[in-house]
Amino acid sequence: MTSRAFSTASHQRPGALALGLAPALTPDGVDDDPTFFRGFLAHPQVVARGLVALADVTATRYVRFAPSSLRDPVLTAHGDRLRAECFSACNGVYARLDVLPDGVDAGAVGHGTTNVDIAATTRAALARVGRDRLLHVAVGRDGLTVSAPDRTVVERPVEMPTRWVRALGNVAELHHGLAPVLTVGAAGARAFVAGLPAATATDRTVWIAAARGSVQVSPRRVPGGVPVAGLHRLSAAKRLLPHVRGLTVHGGPEAGPVVVELALPGARLVLGLTESAWRGHSGEGALLPALAGPTVAEDGDLVSALLAFEPVIDVPRLASDGGLDESRVRAALAVLAADGRVGWDVHDGTWFHRELPHDPAAVDRDNPRLVAARRLVADGAVRATADGWTVRSRTGGPDHRVGRGGTCTCPWYLRHPTGRGPCAHVLATGLDASSDRTPRTDVQETTA
């Protein structure tokens with residue numbers, strides 16, 4: 001198994017991660033000092049406004065609206081496309097701008113990941129980019145360089161909030177399996193975006209559904225509708241209104257995560273919302289069932305060594321190269337998501353690779369319920385019964401009863417059900433080697 005050191009040191013302090021330039025494991029081998037991209041864009045105004053839209057998202061608290069000083073997307077190059085990702089200051093909105101192969105006019109897209117700030121000077125320069133103006137972009141060791149005919153601005157790599165790592169993992173798992181429920185063309189998509197409330201609007205839940213090529217927005221449940229909590233959290237999309245060519249919504253008929261995808265010339269803007277406006281992605285607990293597998297840590301290390309900044313991760317190839325079955329590869333990818341090292345693309349229905357520093361202790365530190373579950377199993381507190389399990393209370397109270405559907409009688413489950421992932425007792429039944437029956441937490445978590 002190979003290991004890769006960052007070409008510049010990554011270090012962590014409470015609440016922040018300084019992301020050293022990730023080395024690129026390319027199809028031609030490891031590039032320790034990569035330049036991800038240097039060239040011109042085919043649709044400069046689309047990319048410029050898309051980056052400003054991301055800056056809008058990460059600088060906004062949508063719950064009790066307040067501006068923030070954060071403006072720092074994670075940039076990843078995949079050999080054929082560029083991705084820029086960020087979260088809102090309240091952590092309830094995930095935003096990603098994908099610059100697709102036909103969005104690159106000249107220049108080669110490399111491989112790698114870094115994190116930069118979009119400060120006021122860069123924001124101003126991007127806002128002035130016209131439809132027919134040239135825009136040269138370079139991403140590499142020095143950060144992000146944006147050059148227009150009248151000026152050049154450079155943004156250096158900056159620290160990334162550590163809660164973003166947890167949030168990236170939860171986003172991947174929450175979006176995994178979401179189905180497209182409505183798609184409309186340019187006219188319907190633009191009418192919907194134009195009618196979005198401002199970021200300062202009050203939180204409200206609506207149902208959206210397709211209706212004769214347009215998007216119907218209703219305060220009440222409608223047939224085939226998708227509930228969206230906090231419609232104002234989509235307001236950043238308004239910056240791209242003239243360029244919108246279509247819209248697809250991924251979600252379900254009940255309350256849960258929702259993904260809104262805007263088709264743009266040579267690009268896509270993806271906005272992911274949590275089930276409720278007040279909930280942040282970093283606390284969702286969506287990855288807990290996957291992290292409880294008996295071999296996932298070892299499988300995750302193996303699969304990590306085989307990744308090469310793929311824009312679309314080939315699960316059968318990883319299974320063949322690693323000598324694993326595909327179910328173990330998928331579980332390993334979910335574990336890598338906990339480190340922020342893979343994401344999920346709802347458009348392609350596939351995982352993609354981004355490279356962040358691996359912190360083996362982070363899984364336990366960020367998932368205390370998983371640690372508690374392991375302790376329960378080590379103490380022999382789990383016992384299988386005819387209709388499920390009993391788990392001995394660590395506080396001396398009555399035993400907790402876990403049903404086969406992932407239900408539990410503990411206070412955590414009574415407060416949250418499955419909305420924040422399984423409780424420690426449900427996790428413990430999945431870890432317990434004395435029974436081959438496991439609760440179906442994976443089905444419930446796709447709607448967490």
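Arginine 354 is buried in this predicted model. Its relative accessible area is 1%, and buried means under 20%. Glutamate 85 is the salt-bridge partner of arginine 354. The closest N and O atoms of the two lie 2.7 Å apart. Glutamate 85 also counts as buried, at 2% relative accessibility.

The structure holds 16 salt bridges. Side chains of opposite charge can pair when their charged atoms come close. One of these salt bridges joins aspartate 345 to arginine 96, with 3.6 Å from N to O. Aspartate 345 lies in strand S24 (residues 342–345), while arginine 96 lies in strand S10 (residues 93–99). This pair ties together parts that are 249 residues apart in sequence. Both aspartate 345 and arginine 96 are buried. The pair also belongs to a network. Salt bridges with shared partners join Arg83, Arg96, Asp98, Arg268 and Asp345.

The side chains of aspartate 56 and arginine 123 meet at 2.3 Å, N to O. Aspartate 56 lies in helix H1 (residues 44–58), and arginine 123 in helix H2 (residues 120–127). Their pairing ties together parts that are 67 residues apart in sequence. Is aspartate 56 buried or exposed? Aspartate 56 is buried, because its relative accessible area is 15% and the cut-off for buried is under 20%.

Now turn to strand S8, residues 74–78. Five of its five residues are buried, so S8 is largely enclosed by the rest of the structure. Both faces of the strand are covered. Val74, Thr76 and His78 are buried on one side. Leu75 and Ala77 are buried on the other.

Strands of a sheet pair through backbone hydrogen bonds, either parallel or antiparallel. S8 and S9 pair in the antiparallel sense over four bridges. Within that pairing, threonine 76 has arginine 83 of S9 as its bridge partner. S8 and S9 form a hairpin, with three residues between them. Glycine 79 in the turn has a positive phi of about 90°. Five bridges join S8 to strand S12 (residues 111–115), and these two run antiparallel. There, leucine 75 has threonine 114 of S12 as its bridge partner.

Next comes an open sheet of three strands, in the order S19-S18-S20. Its pairing is antiparallel. Strand S19 (214–218) and strand S20 (226–229) stand at the edges. Each has a single partner strand, so one side of each is left without a neighbour in the sheet. The twist averages 35° from one strand to the next. Strand S18, residues 205–211, pairs with S20 over four bridges in the antiparallel sense. Threonine 205 stands opposite alanine 229 in S20.

Helix H7 (residues 315–322) meets helix H8 (residues 326–338) at an angle of about 105°. Their axes are 9 Å apart. That angle makes H7 roughly perpendicular to H8. On the H7 side, Val315, Pro316, Leu318 and Ala319 make the contact. H8 contributes Glu326, Val329, Arg330 and Leu333. By class, the contact has six nonpolar, no polar and two charged residues.

A further open sheet has three strands in the order S26-S27-S28, with antiparallel pairing. Which strands stand at the edges? They are S26 (382–385) and S28 (400–403). Each has a single partner strand, so one side of each is left without a neighbour in the sheet. The twist here averages 25° from one strand to the next. Strand S27, residues 388–391, runs antiparallel to S28 and is joined to it by four bridges. Glycine 388 stands opposite glycine 403 in S28. Helix H12 (residues 424–431) packs on this sheet and touches S26, S27 and S28. The direction of H12 makes about 65° with that of S28.

Notes. Residues are numbered from 1 along each chain as its sequence is written. This is a predicted model: local features need pLDDT of at least 70, side-chain atom pairs count only at pLDDT 80 or more; totals for chains, interfaces and linings use all residues. Side-chain values use heavy atoms; hydrogens and water are left out. Two strands pair if DSSP finds at least two bridges between them. Axes are lines fitted to C-alpha atoms, for helices over the stretch in contact, and angles run from 0 to 180 degrees between N-to-C directions. A salt bridge is a side-chain nitrogen of Lys or Arg within 4 Å of a carboxyl oxygen of Asp or Glu. Buried means under 20% relative accessible area, exposed over 50%, partly exposed in between (1.4 Å probe, protein chains only). Angles under 35 degrees count as roughly parallel, over 145 as roughly antiparallel, 65 to 115 as roughly perpendicular and the rest as oblique. Contact means heavy atoms within 4.5 Å. Ala, Val, Leu, Ile, Met, Phe, Trp, Tyr, Cys and Pro count as nonpolar, Asp, Glu, Lys and Arg as charged, and the others, Gly among them, as polar.
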